[in-house]
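Good morning, and thank you for joining this group meeting. I shall present one structure, which will now be shown.

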Amino acid sequence: MNSRIPNFYKLNPQQRVDEITRSLKITKEEWEKLHEKGLTLEEADKMIENVIGIMPVPLGVAANFKIDGKDVFIPMATEEPSVVAAASHAAKLAYDQGGFYTSSTGSVMRGQIQIIHVKKPYYTMAKIYENKDLILQVCNQQDETLVALGGGAIDVKVDVLSELNMLIIHVFVDTKDAMGANVVNTMLENVTPTIEAITEEEVGIRIISNLADRRIVRATATFHNYLSEINTQKFIQAYELAKFDPYRAATHNKGIMNGISAVALATGNDTRAIEAGAHAFAARSGHYKTLSHWEIDKNNNIVGTIELPLAVGIIGGATMSNPVAKLSIKMMRISHAEQLAKIMAATGLAQNFAALSALVTEGIQKGHMKLHARKFSKDG
Ligand code: MEV
(Lines give C-alpha, C1' and ligand atoms only; values in the text may rest on other atoms or scores of the structure.)
Protein backbone atom coordinates (compact mmCIF):
# COMPACT_ATOMS: atom_id res chain seq x y z
CA MET A 1 0.00 0.00 0.00
CA ASN A 2 1.23 3.47 -0.87
CA SER A 3 0.15 6.48 1.20
CA ARG A 4 1.30 8.85 -1.54
CA ILE A 5 -1.61 9.44 -3.85
CA PRO A 6 -0.79 12.23 -6.30
CA ASN A 7 -3.10 15.22 -5.92
CA PHE A 8 -5.14 13.48 -3.23
CA TYR A 9 -6.14 16.88 -1.87
CA LYS A 10 -7.62 17.88 -5.22
CA LEU A 11 -10.11 14.98 -5.29
CA ASN A 12 -13.65 15.29 -3.98
CA PRO A 13 -14.60 13.33 -0.84
CA GLN A 14 -16.12 10.41 -2.79
CA GLN A 15 -13.02 10.11 -5.00
CA ARG A 16 -10.82 10.08 -1.90
CA VAL A 17 -12.92 7.30 -0.41
CA ASP A 18 -12.59 5.36 -3.68
CA GLU A 19 -8.81 5.76 -3.61
CA ILE A 20 -8.54 4.60 -0.01
CA THR A 21 -10.96 1.72 -0.55
CA ARG A 22 -8.81 0.59 -3.45
CA SER A 23 -5.72 0.56 -1.23
CA LEU A 24 -7.27 -0.86 1.94
CA LYS A 25 -9.59 -3.76 2.53
CA ILE A 26 -12.58 -1.72 3.61
CA THR A 27 -15.98 -2.69 2.30
CA LYS A 28 -18.45 -0.41 0.59
CA GLU A 29 -20.93 -1.07 3.45
CA GLU A 30 -18.43 0.17 6.03
CA TRP A 31 -17.94 3.43 4.16
CA GLU A 32 -21.66 3.83 3.67
CA LYS A 33 -22.10 3.52 7.40
CA LEU A 34 -19.58 6.30 7.84
CA HIS A 35 -21.24 8.63 5.36
CA GLU A 36 -24.91 7.95 5.77
CA LYS A 37 -25.21 7.43 9.47
CA GLY A 38 -21.91 7.82 11.25
CA LEU A 39 -23.00 7.64 14.84
CA THR A 40 -26.74 7.07 15.27
CA LEU A 41 -28.77 8.71 18.02
CA GLU A 42 -29.36 5.27 19.55
CA GLU A 43 -25.62 4.55 19.62
CA ALA A 44 -24.90 7.98 21.07
CA ASP A 45 -27.54 7.48 23.76
CA LYS A 46 -25.63 4.43 24.97
CA MET A 47 -22.36 6.36 25.17
CA ILE A 48 -23.26 9.34 27.36
CA GLU A 49 -26.22 10.71 29.31
CA ASN A 50 -29.02 13.11 28.35
CA VAL A 51 -28.30 12.74 24.63
CA ILE A 52 -30.16 15.18 22.39
CA GLY A 53 -28.10 15.01 19.20
CA ILE A 54 -24.74 14.44 17.54
CA MET A 55 -22.01 17.06 17.13
CA PRO A 56 -20.41 16.36 13.75
CA VAL A 57 -16.73 17.08 13.17
CA PRO A 58 -15.08 16.65 9.76
CA LEU A 59 -12.99 13.51 9.33
CA GLY A 60 -9.99 13.96 7.03
CA VAL A 61 -7.16 11.67 6.02
CA ALA A 62 -3.51 12.64 6.15
CA ALA A 63 -1.56 11.17 3.25
CA ASN A 64 2.17 10.59 2.61
CA PHE A 65 3.00 9.02 5.97
CA LYS A 66 5.55 6.23 6.18
CA ILE A 67 6.07 5.04 9.74
CA ASP A 68 8.66 2.40 10.60
CA GLY A 69 8.81 1.41 6.96
CA LYS A 70 5.04 1.05 6.47
CA ASP A 71 2.79 3.48 4.61
CA VAL A 72 -0.31 4.53 6.48
CA PHE A 73 -3.35 6.74 5.90
CA ILE A 74 -4.03 8.67 9.08
CA PRO A 75 -7.61 9.59 9.98
CA MET A 76 -7.92 13.01 11.63
CA ALA A 77 -11.08 14.50 13.12
CA THR A 78 -10.78 18.25 13.57
CA GLU A 79 -12.70 21.46 13.04
CA GLU A 80 -9.50 23.43 12.32
CA PRO A 81 -8.60 24.24 8.69
CA SER A 82 -5.02 23.55 7.51
CA VAL A 83 -4.28 20.85 10.09
CA VAL A 84 -4.74 17.82 7.78
CA ALA A 85 -3.07 19.58 4.84
CA ALA A 86 -0.12 20.58 7.03
CA ALA A 87 0.42 17.04 8.33
CA SER A 88 0.27 15.60 4.80
CA HIS A 89 2.65 18.24 3.47
CA ALA A 90 5.23 17.66 6.20
CA ALA A 91 4.97 13.87 5.84
CA LYS A 92 5.73 14.23 2.14
CA LEU A 93 8.95 16.10 2.98
CA ALA A 94 10.01 13.25 5.30
CA TYR A 95 8.98 10.40 2.98
CA ASP A 96 12.12 10.17 0.85
CA GLN A 97 14.35 10.09 3.93
CA GLY A 98 12.44 7.00 5.12
CA GLY A 99 9.59 8.78 6.89
CA PHE A 100 9.14 8.42 10.63
CA TYR A 101 10.93 6.05 13.00
CA THR A 102 9.42 5.34 16.39
CA SER A 103 9.82 3.51 19.68
CA SER A 104 7.75 3.11 22.80
CA THR A 105 8.32 2.16 26.42
CA GLY A 106 5.24 -0.09 26.64
CA SER A 107 1.72 0.17 27.95
CA VAL A 108 2.04 0.50 31.72
CA MET A 109 -0.36 2.89 33.46
CA ARG A 110 -0.20 4.16 37.02
CA GLY A 111 -3.06 4.22 39.48
CA GLN A 112 -2.91 6.16 42.74
CA ILE A 113 -4.40 5.27 46.11
CA GLN A 114 -4.21 8.00 48.72
CA ILE A 115 -4.02 7.09 52.41
CA ILE A 116 -4.95 9.94 54.74
CA HIS A 117 -4.42 10.86 58.43
CA VAL A 118 -1.52 8.43 58.63
CA LYS A 119 -0.02 8.25 62.10
CA LYS A 120 3.03 6.09 61.36
CA PRO A 121 3.80 6.74 57.66
CA TYR A 122 7.05 4.74 57.44
CA TYR A 123 5.65 1.74 59.27
CA THR A 124 2.58 1.85 57.00
CA MET A 125 4.81 2.05 53.93
CA ALA A 126 6.69 -1.08 55.07
CA LYS A 127 3.39 -2.94 55.64
CA ILE A 128 2.27 -2.15 52.09
CA TYR A 129 5.52 -3.44 50.57
CA GLU A 130 5.32 -6.54 52.79
CA ASN A 131 1.91 -7.28 51.26
CA LYS A 132 2.72 -6.29 47.70
CA ASP A 133 1.97 -9.75 46.26
CA LEU A 134 -1.44 -9.83 47.90
CA ILE A 135 -2.27 -6.34 46.58
CA LEU A 136 -1.27 -7.32 43.04
CA GLN A 137 -3.23 -10.56 43.32
CA VAL A 138 -6.43 -8.76 44.35
CA CYS A 139 -5.94 -6.23 41.54
CA ASN A 140 -5.46 -8.97 38.98
CA GLN A 141 -8.59 -10.81 40.10
CA GLN A 142 -10.54 -7.84 38.70
CA ASP A 143 -9.55 -8.49 35.08
CA GLU A 144 -8.65 -12.04 34.28
CA THR A 145 -8.90 -11.43 30.52
CA LEU A 146 -6.21 -8.76 30.70
CA VAL A 147 -4.00 -11.09 32.75
CA ALA A 148 -4.56 -13.89 30.20
CA LEU A 149 -3.37 -11.48 27.50
CA GLY A 150 -0.12 -10.92 29.41
CA GLY A 151 -1.18 -7.68 31.10
CA GLY A 152 -2.36 -6.78 34.60
CA ALA A 153 -1.02 -5.20 37.78
CA ILE A 154 2.76 -5.65 37.92
CA ASP A 155 4.20 -3.45 40.64
CA VAL A 156 3.54 -1.24 43.64
CA LYS A 157 5.47 1.81 44.85
CA VAL A 158 4.80 3.90 47.93
CA ASP A 159 5.55 7.61 48.40
CA VAL A 160 5.54 8.99 51.93
CA LEU A 161 4.22 12.55 52.17
CA SER A 162 4.93 12.91 55.87
CA GLU A 163 4.31 16.67 56.04
CA LEU A 164 0.75 15.96 54.81
CA ASN A 165 0.30 12.85 56.96
CA MET A 166 -0.38 10.96 53.75
CA LEU A 167 0.88 8.07 51.72
CA ILE A 168 0.38 7.55 48.02
CA ILE A 169 0.40 4.00 46.72
CA HIS A 170 1.22 3.79 43.00
CA VAL A 171 -0.10 0.63 41.38
CA PHE A 172 1.42 -0.08 37.96
CA VAL A 173 -0.78 -1.92 35.50
CA ASP A 174 0.11 -3.12 32.03
CA THR A 175 -3.12 -2.31 30.20
CA LYS A 176 -1.95 -3.63 26.80
CA ASP A 177 -4.37 -2.50 24.05
CA ALA A 178 -6.72 -0.59 26.35
CA MET A 179 -6.25 3.03 27.36
CA GLY A 180 -6.60 1.67 30.85
CA ALA A 181 -8.76 4.07 32.86
CA ASN A 182 -11.59 1.58 33.38
CA VAL A 183 -9.39 -1.36 34.26
CA VAL A 184 -7.09 0.61 36.57
CA ASN A 185 -9.92 2.40 38.38
CA THR A 186 -11.77 -0.90 38.87
CA MET A 187 -8.65 -2.48 40.35
CA LEU A 188 -8.04 0.47 42.69
CA GLU A 189 -11.60 0.57 43.97
CA ASN A 190 -11.72 -3.16 44.58
CA VAL A 191 -8.34 -3.39 46.30
CA THR A 192 -9.28 -0.63 48.77
CA PRO A 193 -10.67 -2.94 51.50
CA THR A 194 -7.46 -5.02 51.30
CA ILE A 195 -5.32 -1.88 51.65
CA GLU A 196 -7.38 -0.65 54.61
CA ALA A 197 -7.08 -4.07 56.28
CA ILE A 198 -3.30 -4.21 55.74
CA THR A 199 -2.60 -0.67 56.91
CA GLU A 200 -5.44 -0.11 59.41
CA GLU A 201 -5.56 3.36 57.88
CA GLU A 202 -8.15 5.24 55.85
CA VAL A 203 -8.10 5.38 52.05
CA GLY A 204 -8.91 8.75 50.47
CA ILE A 205 -9.18 8.93 46.68
CA ARG A 206 -8.19 6.26 44.19
CA ILE A 207 -7.83 7.02 40.51
CA ILE A 208 -5.60 6.55 37.48
CA SER A 209 -2.88 9.16 36.84
CA ASN A 210 -2.98 10.79 33.42
CA LEU A 211 0.75 11.51 33.61
CA ALA A 212 1.44 8.24 31.80
CA ASP A 213 5.21 8.36 32.13
CA ARG A 214 5.59 4.62 31.59
CA ARG A 215 3.89 4.90 28.24
CA ILE A 216 6.33 7.18 26.48
CA VAL A 217 6.43 7.25 22.71
CA ARG A 218 9.28 8.70 20.66
CA ALA A 219 9.38 9.50 16.96
CA THR A 220 12.01 11.02 14.72
CA ALA A 221 12.00 12.17 11.11
CA THR A 222 14.33 13.96 8.74
CA PHE A 223 12.48 16.60 6.74
CA HIS A 224 13.79 17.75 3.39
CA ASN A 225 14.80 21.35 3.99
CA TYR A 226 13.30 23.66 1.39
CA LEU A 227 13.82 26.75 3.55
CA SER A 228 16.41 29.40 2.81
CA GLU A 229 19.43 29.63 5.09
CA ILE A 230 17.95 32.55 6.99
CA ASN A 231 14.59 30.81 7.41
CA THR A 232 16.33 27.64 8.57
CA GLN A 233 18.00 29.73 11.26
CA LYS A 234 14.64 31.28 12.14
CA PHE A 235 13.15 27.76 12.39
CA ILE A 236 15.78 26.68 14.92
CA GLN A 237 15.47 29.98 16.78
CA ALA A 238 11.71 29.53 17.02
CA TYR A 239 12.36 26.15 18.63
CA GLU A 240 15.02 27.60 20.96
CA LEU A 241 12.55 30.25 22.07
CA ALA A 242 9.92 27.61 22.83
CA LYS A 243 12.41 25.63 24.94
CA PHE A 244 13.10 28.74 26.98
CA ASP A 245 9.76 30.59 27.10
CA PRO A 246 6.63 28.82 28.42
CA TYR A 247 4.35 31.27 26.61
CA ARG A 248 5.79 30.16 23.29
CA ALA A 249 6.14 26.51 24.42
CA ALA A 250 2.39 26.32 25.10
CA THR A 251 1.64 27.36 21.51
CA HIS A 252 4.40 25.18 20.06
CA ASN A 253 2.93 22.18 21.91
CA LYS A 254 -0.61 23.19 20.95
CA GLY A 255 0.44 22.82 17.32
CA ILE A 256 1.72 19.30 18.08
CA MET A 257 -1.54 18.44 19.80
CA ASN A 258 -3.49 19.68 16.75
CA GLY A 259 -2.29 16.48 15.09
CA ILE A 260 -2.36 14.16 18.08
CA SER A 261 -5.82 15.16 19.33
CA ALA A 262 -7.26 14.90 15.81
CA VAL A 263 -6.14 11.27 15.57
CA ALA A 264 -7.31 10.67 19.14
CA LEU A 265 -10.76 12.02 18.32
CA ALA A 266 -10.99 10.07 15.06
CA THR A 267 -10.25 6.85 16.94
CA GLY A 268 -12.60 7.51 19.88
CA ASN A 269 -9.79 8.05 22.37
CA ASP A 270 -9.90 10.33 25.40
CA THR A 271 -8.46 13.60 24.09
CA ARG A 272 -8.43 15.26 27.53
CA ALA A 273 -6.42 12.44 29.11
CA ILE A 274 -3.87 12.68 26.32
CA GLU A 275 -3.64 16.49 26.54
CA ALA A 276 -3.31 16.41 30.36
CA GLY A 277 -0.55 13.80 30.15
CA ALA A 278 1.33 15.64 27.43
CA HIS A 279 1.34 19.00 29.21
CA ALA A 280 2.22 17.51 32.61
CA PHE A 281 5.10 15.69 30.91
CA ALA A 282 6.22 18.93 29.26
CA ALA A 283 6.38 20.51 32.73
CA ARG A 284 8.03 17.57 34.49
CA SER A 285 11.29 19.45 35.21
CA GLY A 286 9.35 22.27 36.88
CA HIS A 287 9.78 24.40 33.75
CA TYR A 288 7.20 23.93 30.96
CA LYS A 289 9.12 22.91 27.81
CA THR A 290 8.63 21.65 24.27
CA LEU A 291 7.58 18.09 23.49
CA SER A 292 9.74 18.18 20.35
CA HIS A 293 13.34 19.02 19.49
CA TRP A 294 14.82 20.27 16.22
CA GLU A 295 18.35 19.91 14.82
CA ILE A 296 20.08 20.33 11.44
CA ASP A 297 21.93 17.36 9.94
CA LYS A 298 25.06 17.32 7.77
CA ASN A 299 22.94 17.53 4.60
CA ASN A 300 21.24 20.65 5.95
CA ASN A 301 17.98 18.76 6.45
CA ILE A 302 15.82 19.42 9.48
CA VAL A 303 15.70 16.57 11.98
CA GLY A 304 12.85 16.40 14.47
CA THR A 305 12.35 14.30 17.59
CA ILE A 306 9.23 14.09 19.68
CA GLU A 307 8.80 12.46 23.07
CA LEU A 308 5.58 12.31 25.05
CA PRO A 309 3.27 10.01 27.00
CA LEU A 310 0.40 8.60 24.95
CA ALA A 311 -2.21 6.59 26.80
CA VAL A 312 -4.41 5.34 24.00
CA GLY A 313 -6.45 2.25 23.31
CA ILE A 314 -7.92 0.35 20.42
CA ILE A 315 -10.27 -1.70 22.56
CA GLY A 316 -12.87 -0.55 25.06
CA GLY A 317 -14.83 2.67 25.39
CA ALA A 318 -15.71 4.74 22.33
CA THR A 319 -12.98 3.05 20.27
CA MET A 320 -15.42 0.16 19.94
CA SER A 321 -18.84 1.71 20.41
CA ASN A 322 -18.33 4.45 17.81
CA PRO A 323 -18.49 3.06 14.25
CA VAL A 324 -16.36 5.90 12.85
CA ALA A 325 -13.65 5.16 15.43
CA LYS A 326 -13.75 1.48 14.48
CA LEU A 327 -13.34 2.36 10.83
CA SER A 328 -10.51 4.80 11.60
CA ILE A 329 -8.61 2.05 13.41
CA LYS A 330 -9.21 -0.33 10.54
CA MET A 331 -7.98 2.28 8.06
CA MET A 332 -4.59 2.35 9.78
CA ARG A 333 -4.30 -1.46 9.63
CA ILE A 334 -3.19 -1.68 13.24
CA SER A 335 -3.81 -4.37 15.82
CA HIS A 336 -2.16 -2.86 18.91
CA ALA A 337 -2.58 0.35 20.88
CA GLU A 338 1.17 0.88 20.78
CA GLN A 339 1.00 1.22 16.97
CA LEU A 340 -1.69 3.86 17.31
CA ALA A 341 0.44 5.79 19.83
CA LYS A 342 3.39 5.73 17.42
CA ILE A 343 1.22 7.00 14.56
CA MET A 344 0.00 9.83 16.81
CA ALA A 345 3.54 10.81 17.79
CA ALA A 346 4.54 10.93 14.11
CA THR A 347 1.49 13.05 13.30
CA GLY A 348 2.36 15.47 16.12
CA LEU A 349 5.92 15.83 14.86
CA ALA A 350 4.77 16.43 11.27
CA GLN A 351 2.30 19.03 12.50
CA ASN A 352 4.99 20.82 14.45
CA PHE A 353 7.34 20.88 11.46
CA ALA A 354 4.60 22.33 9.28
CA ALA A 355 3.68 25.00 11.84
CA LEU A 356 7.27 26.16 12.37
CA SER A 357 7.92 26.20 8.60
CA ALA A 358 4.82 28.31 8.03
CA LEU A 359 5.68 30.63 10.91
CA VAL A 360 9.14 31.41 9.51
CA THR A 361 7.84 31.94 5.95
CA GLU A 362 4.39 33.15 4.96
CA GLY A 363 2.87 33.02 8.48
CA ILE A 364 -0.07 31.02 9.65
CA GLN A 365 -2.95 33.26 8.62
CA LYS A 366 -2.21 33.19 4.90
CA GLY A 367 -2.35 29.39 4.77
CA HIS A 368 -5.47 29.29 6.95
CA MET A 369 -7.16 31.93 4.82
CA LYS A 370 -6.50 29.99 1.62
CA LEU A 371 -8.43 27.09 3.10
CA HIS A 372 -11.18 29.29 4.50
CA ALA A 373 -11.57 30.71 0.98
CA ARG A 374 -12.38 27.20 -0.30
CA LYS A 375 -15.61 27.34 1.66
CA PHE A 376 -16.83 30.03 -0.67
CA SER A 377 -15.50 28.64 -3.93
CA LYS A 378 -17.59 26.38 -6.13
CA ASP A 379 -15.25 23.42 -6.34
CA GLY A 380 -14.10 23.69 -2.71
C1 MEV B 1 -2.41 26.84 15.48
O2 MEV B 1 -3.52 25.99 15.70
C3 MEV B 1 -1.12 26.17 15.89
C4 MEV B 1 0.13 27.04 15.81
O5 MEV B 1 -0.07 28.23 16.58
C6 MEV B 1 1.29 26.26 16.36
C7 MEV B 1 2.56 27.07 16.52
O8 MEV B 1 2.51 28.28 16.70
O9 MEV B 1 3.63 26.41 16.52
C10 MEV B 1 0.39 27.50 14.40
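M55 counts as exposed because its relative accessibility is 68%; buried means under 20% relative accessible area, exposed over 50%, and partly exposed in between, with a 1.4 Å probe and protein chains only. This is a predicted model, in which local features need pLDDT of at least 70 and side-chain atom pairs count only at pLDDT 80 or more, while totals for chains, interfaces and linings use all residues. Residues are numbered from 1 along each chain as its sequence is written, and side-chain values use heavy atoms, with hydrogens and water left out.

M55 sits in the loop between α3 (41-47) and β1 (59-67). Helices (H or I, at least four residues) and strands (E, at least two) are DSSP runs, numbered from the N terminus. Together with V57 and L265, M55 forms a nonpolar surface patch of about 300 Å² of accessible area. Patches are made of residues with over 30% relative accessible area and no salt bridge; like charges are joined within 9 Å, and nonpolar side chains (Val, Leu, Ile, Met, Phe, Trp, Tyr) within 5 Å. Accessible areas come from the Shrake-Rupley method with a 1.4 Å probe, and for residues only the protein chains shown count as cover.

**The ligand and its surroundings**

Which residues are around the ligand? They are E80, R248, T251, H252, K254, G255, N258, A355, L359 and I364, where a residue is near a molecule or strand if one of its heavy atoms lies within 4 Å of it.

Let us consider the contacts. A side-chain N or O atom of E80 is 2.6 Å from an oxygen atom of the ligand. For K254, the distance from a side-chain N or O atom to a ligand oxygen is 2.7 Å. N258 places a polar side-chain atom 2.9 Å from an oxygen atom of the ligand. On its own the ligand has 300 Å² of accessible area, and the protein covers 85% of this. Two or more residues of the shell come from each of α10 (246-266) and α14 (337-359). The largest share, six residues, is given by α10.

By class, the shell holds three nonpolar, four polar and three charged residues. Ala, Val, Leu, Ile, Met, Phe, Trp, Tyr, Cys and Pro count as nonpolar, Asp, Glu, Lys and Arg as charged, and the others, Gly among them, as polar.

Is D71 buried or exposed? D71 is buried, because its relative accessibility is 6%. D71 belongs to strand β2 (residues 70-77). Its side chain reaches the backbone nitrogen of S3 at 2.7 Å, and the side chains of D71 and K66 are joined by a polar contact of 3.0 Å. A polar contact is a pair of N or O atoms within 3.5 Å; within protein, one must be able to donate a hydrogen and the other to accept it, and residues adjacent in sequence count only if both atoms are side-chain atoms.

T175, in the loop between β6 (166-174) and α8 (181-199), counts as buried because its relative accessibility is 1%. T175 and N185 are ten residues apart along the chain, and 12 Å separates their C-alpha atoms.

**Salt bridges**

Side chains of opposite charge can pair when their charged atoms come close. A salt bridge is a side-chain nitrogen of Lys or Arg within 4 Å of a carboxyl oxygen of Asp or Glu. How many salt bridges does this rule give? The count comes to 14.

One of them links the side chains of D174 and K176, at 3.4 Å from N to O. D174 is buried, at 12% relative accessibility, whereas K176 is partly exposed, at 30%. In another, the side chains of D159 and K157 meet at 2.9 Å, N to O. D159 is partly exposed, with a relative accessible area of 28%, and K157 is partly exposed too, at 32%.

The side chains of R272 and D270 also form a salt bridge, at 3.2 Å from N to O. R272 counts as exposed because its relative accessibility is 58%, while D270 is partly exposed at 29%.
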